[in-house]
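Please look through the sequence and the structure shown below.

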Amino acid sequence: MSAADQRALIDDLPGDLMMWVLIVSELLVFGAGMLAFLAVRITDPAGFAEAQSHLHRTAAGINTLVLVTSGWLAALAVRDAEAGALARLRWRLVLAAGLGAVFLWLKAGEYADLAREGLSFDSHPFFTFHLLLTGFHAAHVAAGMILLLIVALPATPRATEAGAAFWHMVDLVWVLLFPVVYLI
Amino acid sequence: MKYQSQKIARAYFGVAMALFAVQVTLGLVLGYIYIQPNFLSELLPFNVGRMLHTNSLIVWLLLGFFGAAYYLVPEEAEREIHSPKLAYLQLLILVLGTAGVVVTYLFNLFDGNWLLGNEGREFIEQPRWVKVGIVVAALIFLYNISMTVLAGKKTAITNILLLGLWGLALLFLFAFYNPSNLALDKQYWWFIVHLWVEGTWELVMASILAFLMLKLTGVDREVIEKWLYVIVATALFSGILGTGHHYYWIGMPGYWQWIGSIFSSFEVVPFFAMMAFAFVMVWKGRRDHPNKAALLWSLGCATLAFFGAGVWGFLHTLHGVNYYTHGTQITAAHGHLAFYGAYVCLNLAIISYAMPIMRGRDPYNQVLNMASFWLMSSGVVFMTFTLTFAGTVQTHLQRVMGEGFMDVQDQLWIFYAMRFGSGIAVVLGAILFIYSVAVPRREMIEPGLQSPAE
């Protein structure tokens, strides 16, 4: 492959190169976090299972649907950007960010319940990982909502692609976190 | 030299080189104390010598960064420095402050005085008047450089350099806050030098390296900028939370073990990227720049930074490992190679590039300069290995077997003796470097006939 081809490949990425650097970095960090979680779980399967039973699986399941739907709206917004349908695009991105808020609201309820039970970072290694992984993820949901609203302003195809790419990363990480932390 | 005000850098590099000589000489004295523990114990106690060794390192590296900025910003922004007078005033303040610190420490003057006495905090023990002076000097510098950049052409290199230097100056403000809670004190203390070396200094390093690559290899600016942005993004992503690998050990909550381990493991990425960047640029470059010494230092910088900061850092960053190795000679091995590779070599690279131009002697004494690279670098690498082996033995005897600290130190004597030997090589290399830059001589070897490039 010649240097020109390589450069063209990089330029062909939807959105922005820097966004892809960020996405790959995020996936590596969350991946490492989940691997560490699974590794530590081997040392105490019973304790982890007991700790896990304090989580709201149903609420987390609903949150999965909420986030995937939100990601679908962001994907449609990219199509709108290409078609030049700006009003519909902005409406969809605002709705996608709104579903992000729903996700955070349900998440906050879960954290509040854990706090009421007196469960926190130091209660058990499970909760250290659960709070770190889902807490970092929730922070990304909040950042992603802001990003979606920002890219809705210029609403160019490039900006929308970058925003949607980040949002899909947030989505993807949750789809991995949900089974690893809540189900198995 | 296109712009007259670029020669401000010469004064900065001069003072930096003088402090460099002080720093390595003190290093040699300290290395000798390790094998003869009572050496100078009355005149220069170990803790004072160590403080001077580390502080003079930081100060000369900073002076080198300032000099590099005064050299490259006019060329990038395509205009003279806003005010050369202010630049010299800034240097004067820094020199006065440094002298004040050394005198205060050596004779322990004004002990306990709020304004004049040392603050008693390791590494940021400067008396308050010196700290204020540092902030004033930093403000003068940022004003001067920012005005120049704002009025001139803005490039990715100057943007990243300014971002790094502004961050560096702002983080120093934590030196003024001294909470009575020791864990909190240590936390803010860590915000300074560790958010420097794992964050803002990496930005400075990447931008100076990019400038050197631009000049030495002739690769398109567009290509260099793309690399620069990727390096900076990965450096900030991994470095800021990566400093968390220290926090658990200073009394912060347990979850920092995991945040620190995971993020700091990725700190190797920007250093690998910088190494890849430097070599790819040289391979791609069409320009056969005569300043081979600057190129050697640039490549050496990227390579040794990758090993010293990246590999030797990763070696003991995971908290399961650091539980045993924290504060042993493993840390010293990492500290020496990381600082040398990342920041010493970087400064020596820009000095090797800029000094011959500023002195109108382009490019003299390449052979001596390159010899000093090999001598100094071999010395530091050998030192890193001896300290790594010393640290491994120390970790096992002291932390695993539970032997007493001083009993173990006795058994490490052979490693310390070898380390002292490598220290002599480093000091000779440093003297050779300063000589080759400062004392002009005729060319040692006539350049041979160049075969036409493919």
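## Helix packing in chain B

Helix H5 (residues 156–172) of chain B packs against H6(B) at an angle of about 160°, with the two axes 8 Å apart. That makes H5(B) roughly antiparallel to H6(B), where angles under 35 degrees count as roughly parallel, over 145 as roughly antiparallel, 65 to 115 as roughly perpendicular and the rest as oblique. This is a predicted model, in which local features need pLDDT of at least 70 and side-chain atom pairs count only at pLDDT 80 or more, while totals for chains, interfaces and linings use all residues. Residues are numbered from 1 along each chain as its sequence is written, and chains are lettered from A and ligands numbered from 1 in the order in which they are written.

**Terms for the helices**

- Helices (H or I, at least four residues) and strands (E, at least two) are DSSP runs, numbered from the N terminus.
- Axes are lines fitted to C-alpha atoms, for helices over the stretch in contact, and the angles between N-to-C directions run from 0 to 180 degrees.

**H5 and H6 of chain B**

- The crossing of H5(B) and H6(B) is left-handed, a word used if the near helix is turned anticlockwise from the far one by less than a right angle, with right-handed used if it is turned clockwise.
- The residues of the contact of H5(B) with H6(B) divide into 18 nonpolar, 5 polar and no charged, where Ala, Val, Leu, Ile, Met, Phe, Trp, Tyr, Cys and Pro count as nonpolar, Asp, Glu, Lys and Arg as charged, and the others, Gly among them, as polar.

**H6 and H12 of chain B**

- Helix H6 (residues 182–217) of chain B also packs with H12(B), at an angle of about 35° and with the axes 10 Å apart, and the crossing of H6(B) and H12(B) is left-handed.
- On the H6(B) side, the residues that make this contact include B:Trp201, B:Met205 and B:Lys215, and on the H12(B) side they include B:Ala342, B:Tyr343 and B:Tyr353.
- Sorted by class, the contact of H6(B) with H12(B) has 11 nonpolar, no polar and 1 charged residues.

**H10 and H12 of chain B**

- The axes of helix H10 (residues 292–315) and helix H12 (residues 329–358) of chain B come within 7 Å and cross at roughly 160°; H10(B) and H12(B) are therefore roughly antiparallel to each other.
- The crossing of H10(B) and H12(B) is left-handed, and by class their contact has 20 nonpolar, 7 polar and no charged residues.

**Helix H13 of chain B**

- Helix H13 (residues 366–400) of chain B has 35 residues, which at 1.5 Å a residue should span 51 Å, and this agrees with its end C-alpha atoms, which are 49 Å apart; the expected span is 1.5 Å times one less than the number of residues.
- H13(B) is followed by B:Gly402, whose phi is positive, near 80°.

**Loop residues with positive phi in chain B**

- B:Leu40 is found in the loop between helix H1 (8–35) and helix H2 (46–77) of chain B, and has a positive phi of about 60° although it is not a glycine.
- With 15 C-beta neighbours inside 10 Å, B:Leu40 counts as partly exposed; a residue is buried if 20 or more other C-beta atoms, placed from the backbone, lie within 10 Å of its own, exposed if 12 or fewer, and partly exposed in between.
- B:Asn108, in the loop between helix H3 (84–107) and helix H4 (128–151) of chain B, has a positive phi of about 45° although it is not a glycine, and B:Asn108 is exposed, with 10 other C-beta atoms within 10 Å.

**Chain A**

- Chain A has 7 helices and 0 strands, and its C-alpha atoms fill a box of roughly 55 × 40 × 20 Å, taken along the principal axes.
- Of the 184 residues in chain A, 32% are buried.
- A:Leu131 lies in helix H6 (residues 125–151) of chain A and is partly exposed, with 18 other C-beta atoms within 10 Å.

**Where the chains meet**

- 14 residues of chain B are in contact with 13 residues of chain A, contact being counted if the C-beta atoms of two residues, placed from the backbone, lie within 7 Å.
- Helix H7 (221–242) and helix H8 (255–265) of chain B each supply at least two residues of the side that touches chain A, and the largest share of that side, 6 residues, comes from H8(B).
- The residues of the side of chain B that touches chain A divide into 11 nonpolar, 3 polar and no charged.
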